[in-house]
Amino acid sequence: MSGSKEDDRKGSSEWRDFFWNPRTHELLGRTAASWGLILLFYLIFYLCLAGMFAFTMYILLLTLDDYKPTWQDRLATPGMMIRPKGNQLEITFSTSDTESWDGFIHNLNSFLSPYNDSYQVQTNDECTPDEYFIQEDSGEVRNNPKRSCQFNRTMLEECSGVLDRFYGYDKGQPCILIKLNRVIGMLPGKERQSPYVTCAAKRYRVGENEWREDSDKIGPLAYYPPNGTFNLMYYPYYGKKAQVNYTQPLVAVKFLNASLNTDINVECKVTSNTLAAGSDRDKFAGRVSFKLRINDK
């Protein structure tokens with residue numbers, strides 16, 4: 001029993017001596033000089049690491065351009081988006097229920113507010129159609145800020161919200177706005193041929209070896225501007241910082257007589273003589289798919 005107590009006292013004394021040894025003046029097994037040297041080493045070590053990181057970041061920033069990305073890894077064919085924003089690319093509403101489409105109207109009005117003719121006339125230029133609006137820099141002299149071409153809201157005609165403030169939703173003839181994602185320096189056409197949008201019923205699988213499309217449900221379509229073109233004068237895009245007033249061109253699609261009370265799968269895609277057509281691997285390149293359902297009660 002006494003031996004056990006002596007062992008406990010000895011072990012406790014050894015731990016106290018390890019933490020602070022009054023005879024050798026060591027803290028955790030090191031003297032003050034030893035602790036000073038190791039702390040100095042780590043201070044210099046981490047200062048060197050911080051200096052190397054700051055130097056490499058400085059060299060990297062020297063290679064970057066404030067107005068144009070050094071490298072672009074986006075798809076050669078840009079993606080497409082629609083407005084108004086529905087739930088997971090679904091536009092569902094009832095002509096007789098104002099609340100079902102009132103949110104779509106507010107979304108379109110908000111989205112088109114920068115396209116008001118009065119604002120466009122003040123901020124942007126009236127450009128020559130079917131020609132690129134090239135604004136090159138002069139060597140090291142930046143031609144910034146670069147100008148932009150007008151895209152007036154009234155160019156969307158029946159889908160502008162000016163002639164019809166409900167965009168056709170109250171009549172079961174809804175307007176869908178389509179835009180291409182911005183890509184700096186993209187030239188989407190040649191020989192004065194602008195890219196254009198076409199919409200059709202989407203082919204979809206209903207069985208293991210059975211496919212279906214809603215071509216009998218989609219009905220006739222109207223495009224604004226005429227032929228659904230993204231005119232060449234809105235390209236190239238030079239970036240948000242260099243082209244601060246850039247107005248992205250739009251195409252509006254109006255469904256004139258779509259079937260009621262049924263789901264309609266629609267696919268819209270851009271056709272261009274310079275942009276590659278989308279593939280099954282890149283399902284969102286140059287196209288967008290959405291579901292439309294118009295109820296009459």
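Are C127 and C149 buried or exposed? Both C127 and C149 are buried, where buried means under 20% relative accessible area, exposed over 50%, and partly exposed in between, with a 1.4 Å probe and protein chains only. I will come back to that pair.

First, what we are looking at. This is a predicted model, in which local features need pLDDT of at least 70, side-chain atom pairs count only at pLDDT 80 or more, and totals for chains, interfaces and linings use all residues. Residues are numbered from 1 along each chain as its sequence is written, and side-chain values use heavy atoms, with hydrogens and water left out.

Now the overall picture. The protein chain has five helices and twelve strands. Helices here are DSSP runs of H or I with at least four residues, strands are runs of E with at least two, and both are numbered from the N terminus. Of the 297 residues in the protein chain, 34% are buried. The chain exposes about 18500 Å², and carbon and sulfur atoms supply 54% of that area; accessible areas come from the Shrake-Rupley method with a 1.4 Å probe, and for residues only the protein chains shown count as cover. As for contacts, meaning heavy atoms within 4.5 Å, take those between residues at least 6 apart in sequence: 75% of them join residues at least 24 apart.

One stretch has an annotation. The unreviewed UniProt entry marks residues 37-64 as "transmembrane region". UniProt positions are given in the numbering used here, feature names are shortened, and annotations may be inferred rather than shown by experiment. In the model, residues 37-64 are 93% helix and 0% strand, with the end C-alpha atoms 41 Å apart.

Next, the sheet. Which order do its strands take? The order is β3-β5-β10-β9, an open sheet of four strands with antiparallel pairing. The edge strands are β3, residues 80-83, and β9, each pairing on one side only. On average, neighbouring strands of this sheet are turned by 25° against each other, direction ignored. For such angles, axes are lines fitted to C-alpha atoms, for helices over the stretch in contact, and angles run from 0 to 180 degrees between N-to-C directions. Two strands count as paired if DSSP finds at least two bridges between them.

Let us stay with β10, residues 251-255. Five of its five residues are buried. V251, V253 and F255 point one way from the strand, while A252 and K254 point the other way. Strand β5, residues 175-180, runs antiparallel to β10 and is joined to it by four bridges; K254 in β10 is the bridge partner of C175. Strand β9, residues 221-224, also pairs with β10 in the antiparallel sense, over four bridges. There, Y224 stands opposite A252, and L221 stands opposite F255. Helix α3, residues 98-112, lies across β3 and β5 and runs at about 40° to β5.

That leaves the cysteines. A disulfide is a covalent bond between the sulfur atoms of two cysteines. Here the criterion is a pair of cysteine sulfur atoms within 2.5 Å. How many disulfides does the structure hold? It holds three, and with the bonded cysteines numbered in sequence order the pairing is 1-2, 3-4, 5-6.

Back to C127 and C149, whose sulfur atoms are 2.0 Å apart. The torsion about their S-S bond is about -100°, so this disulfide is left-handed. C127 and C149 each lie in the loop between α4, residues 117-123, and β5, so the pair ties together parts that are 22 residues apart in sequence.

The next link joins C159 and C175, with sulfur atoms 2.1 Å apart. At -75° about the S-S bond, the link of C159 and C175 is left-handed. C159 sits in the loop between α4 and β5, C175 in strand β5, and the two are 16 residues apart. C159 is buried at a relative accessible area of 0%, and C175 is buried at 0% relative accessibility.

The remaining disulfide is C199 with C268, the sulfur atoms being 1.9 Å apart. The torsion about the S-S bond of C199 and C268 is about 110°, so this disulfide is right-handed. C199 lies in strand β6, residues 196-201, and C268 in strand β11, residues 263-271, so the pair ties together parts 69 residues apart in sequence. C199 counts as buried at 10% relative accessibility, and C268 is buried at a relative accessible area of 0%.

Finally, C48: at 44% relative accessibility, C48 counts as partly exposed.
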